[in-house]
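Biologist: I am new to this structure. Could we go through it together?
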Amino acid sequence: MALLEVRDLSVRFGGVVALDRVSFAVDDGELVALIGPNGAGKTTLFNVITRVYRPASGSVLIDDKPVLSIRPHEVIRHGLARTFQNLALFRSMTVLENVLVGDHTRTRSGWVQASVPMPGAMAAESASAKRAMEMLDFVGLAREARVPVAALPFGVQKRVELARALISRPRLLLLDEPAGGISHEEVDSVARLLRRVHKELGVTMLLVEHHMAFVMGISDRVVVLDFGRKIGEGTPAEVQRNPAVIEAYLGAAS
């Protein structure tokens, strides 16, 4: 059963067509990669799904429910979480504080409870801190919980952002270049971690990535965009043999 459905999605910025009637689905339990050359429309697609951009036409459904009419901050309540190509962390805050930000939709205390140490608010805060530490332990960062995030290497900061996304207990996780900007050793480590997230936490994933070895080694299925259009879809092996995909990446044969 499809957890995410993208139907005939088109996005225009002035006279530029960023997405042109793109359709695909991600089944519950799948790990799907979205690839394509620079400017293919991959991040634009993520921004539509998470309500940053409004499409010219088309629809997006999560668990058979349309999401393009809801407010951006409400997307997480539909079981969707996201990481970013350019890390969106609060650099002056600690690792733990950054992860706690991701749990804000599960803490229901109002402003009175937040300003006065009432038992209900204190219990909610304690439960949230426990969940945050569990996620940090899962990604291997429990010892760094009190460290300012700005003091950590880029690859470690990516794990902080992953833990922040996971604390909301998403059914669907969108990952924007999880292997971008890190070393070969770190890429292998991230691949192992995402496989654990997929299998042990049961999280369905859609990821955008340029690192082809990473994509082909981790994905169940691959969707390929070029100039805003879908030009291929299938297993990693099928996509690698697709003439349209080969041409998009390597150019037409002379």
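Biologist: In which sense do strand β3 and β8 pair, and over how many bridges?
Modeller: Strand β3 (residues 31-35) pairs with β8 in the parallel sense over 4 bridges; two strands pair if DSSP finds at least two bridges between them. Strands (E, at least two residues) and helices (H or I, at least four) are DSSP runs numbered from the N terminus. This is a predicted model, where local features need pLDDT of at least 70, side-chain atom pairs count only at pLDDT 80 or more, and totals for chains, interfaces and linings use all residues. Residues are numbered from 1 along each chain as its sequence is written, and side-chain values use heavy atoms, with hydrogens and water left out.
Biologist: Which residue of β8 is the bridge partner of L34?
Modeller: V208 is the partner of L34. Strand β7 (residues 172-176) also runs parallel to β8, joined by 5 bridges, and there L173 has M205 as its partner.
Biologist: Is β8 buried or exposed?
Modeller: In β8 (residues 204-208), 5 of 5 residues are buried, meaning under 20% relative accessible area with a 1.4 Å probe, protein chains only. T204, L206 and V208 cover one side, and M205 and L207 the other.
Biologist: Why two sides?
Modeller: In a regular strand, side chains alternate between the two faces of the sheet.
Biologist: Changing topic, what does F214 touch?
Modeller: Leaving out residues up to four places away in sequence, F214 touches several residues, including P178, V190, L207 and E209, where contact means heavy atoms within 4.5 Å.

Conventions:
Buried means under 20% relative accessible area, exposed over 50%, partly exposed in between (1.4 Å probe, protein chains only).
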